[in-house]
Amino acid sequence: MHTQTRRQREVLDFIIRYTESHGYRPSYQLIARHLGLNSRSGIARIVHDLETQGLLTRRHEDGHFHIDIGIGGAIVEIEWLDVPNISGDKEDWEKRPLSIPEFMLGGYGASSVRAFRVTDEAMAADQICQDDIALIELRDFARDGQPVVAVLSKSQIVLRKFYRAGADIELCPADENGEIIRIAADQIELLGIYRGLLRPMV
């Protein structure tokens, strides 16, 4: 497996998200603008590096280059996040490990990542929507501002931004006008940190 740089992962993630939401590939200029860069040639070099890893391909058509997303590399299986003491019906596909291209894990191992079906629209302002599949790094601690999956009072599971507030924890939605959950630290079980996203086709 090739090791990707942070910038390569950002470019690949943006191309995938843009293609999913718009139905066509972004230009080098759009990618550069999204990443706050001035150089389209720098984006071209990153795309070339992703090509050598088998993750993207370019084709020349009607005088223009088009970027295609390639799977490339191995497929790995990700288990679903174990959510104890919370019942709920699961779809058949949620009862089997989730198969994804290995490159999507970046530098993380499959054993340290779990899949989680997002339960509400609290993070929609950050493009994390209900029924999306979040990739979660298993961890029981977080830094302020990190999106986390947590169990509250053994009865509710949420994906929110984590903040310490004295003896309490605040769990905030992406929309700053949304409802903030404040809960005693001993009433929250932190399951992991949000690291990536898959969105089912509609």
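1. Aspartate 132 lies in the loop between E5 and E6 and arginine 199 in the segment after strand E11 (188-198), so the pair ties together parts 67 residues apart in sequence. Aspartate 132 is buried, at 3%.

2. A word on the basis: this is a predicted model, where local features need pLDDT of at least 70 and side-chain atom pairs count only at pLDDT 80 or more, while totals for chains, interfaces and linings use all residues. Residues are numbered from 1 along each chain as its sequence is written, and side-chain values use heavy atoms, leaving out hydrogens and water.

3. Next, aspartate 126 and lysine 161 form a salt bridge, with the closest N and O atoms 3.2 Å apart. Aspartate 126 sits in the loop between strand E5 (113-117) and strand E6 (133-138), and lysine 161 in strand E8 (residues 156-165), so parts 35 residues apart in sequence are tied together. (Strands, E, of at least two residues and helices, H or I, of at least four are DSSP runs, numbered from the N terminus.) Aspartate 126 is partly exposed at 35%, whereas lysine 161 is buried at 19%.

4. The count of salt bridges comes to 11.

Key:
A salt bridge is a side-chain nitrogen of Lys or Arg within 4 Å of a carboxyl oxygen of Asp or Glu. Buried means under 20% relative accessible area, exposed over 50%, partly exposed in between (1.4 Å probe, protein chains only).
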